[in-house]
Amino acid sequence: MNFFSGVIQNFCRAIPGRASRGLYGGRQIGYGNIVTFSEKKIRRTWKPNVQTKKIYSDLLGELKLRVTCYTLRNLDRYGGIDNYLLFSRIKDFGQTEKSRELAMDLRAKVIEKWEQKNGRKFKQRDEIAAMRKVFCEENPKKVYRFQP
């Protein structure tokens with residue numbers, strides 16, 4: 001880790017310590033002001049909307065996780081937690097190592113199970129191409145393009 005990355009991390013927004021124990025999808029505590037009628041500014045925070053949910057994974061079974069509503073929307077968009085962990089960018093899990101710790105652990109477990117199930121090494125680029133092909137065959141009239 002070079003000097004500048006350490007300096008940049010010090011200027012990042014506050015990341016809650018519990019972000020390492022859930023899927024926050026890069027969401028952090030937001031800061032701003034409440035402005036009254038007399039234009040006084042009162043400092044306030046906006047915390048991520050975190051829910052505890054039971055999520056079913058095809059490869060890992062049932063998981064009980066703390067997730068933000070933003071992450072729940074992403075799970076729907078990707079078609080399940082397995083696809084979300086396999087095909088989303090690593091930086092989408094969080095800005096720091098600590099905030100993406102759980103997601104990376106789950107991702108490693110999913111890749112391991114996927115390789116055991118399919119009997120070959122997981123290659124993200126090839127699997128995305130295969131998913132696109134299946135999606136286009138199943139939904140020929142869809143105008144929007146497939147985004148895993």
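**Note on the predicted model**

1. R89 is exposed, with a relative accessible area of 52%, where exposed means over 50%, buried under 20% and partly exposed in between (1.4 Å probe, protein chains only). Its side chain meets that of D92 in a salt bridge, at 3.3 Å from N to O; the term denotes a side-chain nitrogen of Lys or Arg within 4 Å of a carboxyl oxygen of Asp or Glu. D92 itself counts as partly exposed, at 25% relative accessibility.

2. The model is predicted: local features need pLDDT of at least 70, side-chain atom pairs count only at pLDDT 80 or more, and totals for chains, interfaces and linings use all residues. Residues are numbered from 1 along each chain as its sequence is written, and side-chain values use heavy atoms, with hydrogens and water left out.

3. The structure holds two salt bridges. Besides the R89 and D92 pair, R100 is bridged to E97, with the closest N and O atoms 3.3 Å apart. R100 is buried, at 13% relative accessible area, whereas E97 is exposed at 61%.

4. As to secondary structure, the chain has five helices and four strands, taken as DSSP runs numbered from the N terminus (helices: H or I, at least four residues; strands: E, at least two). Along the sequence their order is α-β-β-β-β-α-α-α-α.

5. Of the 148 residues in the chain, 32% are buried. The accessible surface comes to about 10,600 Å², and carbon and sulfur atoms contribute 51% of that area; accessible areas come from the Shrake-Rupley method with a 1.4 Å probe, and for residues only the protein chains shown count as cover.

6. R18, R21, K47, R66 and K98 form a positive surface patch. Patch residues have over 30% relative accessible area and no salt bridge, with like charges joined within 9 Å and nonpolar side chains (Val, Leu, Ile, Met, Phe, Trp, Tyr) within 5 Å. K47 is located in the loop between strand 2 (41-46) and strand 3 (50-57), and K47 is exposed at 58% relative accessible area.

7. Which residues does N83 contact, leaving aside its neighbours within four places in sequence? They are Y78, S88 and M131, contact meaning heavy atoms within 4.5 Å. N83 belongs to helix 3 (residues 81-87). N83 and D58 are separated by 25 residues in sequence and by 9.9 Å in space, C-alpha to C-alpha.

8. Among contacts in the chain between residues at least 6 apart in sequence, 39% join residues at least 24 apart.

How values were computed
Lys and Arg count as positive and Asp and Glu as negative; His and the chain ends are not counted. The place of a charge is taken as NZ of Lys, CZ of Arg, CG of Asp or CD of Glu.
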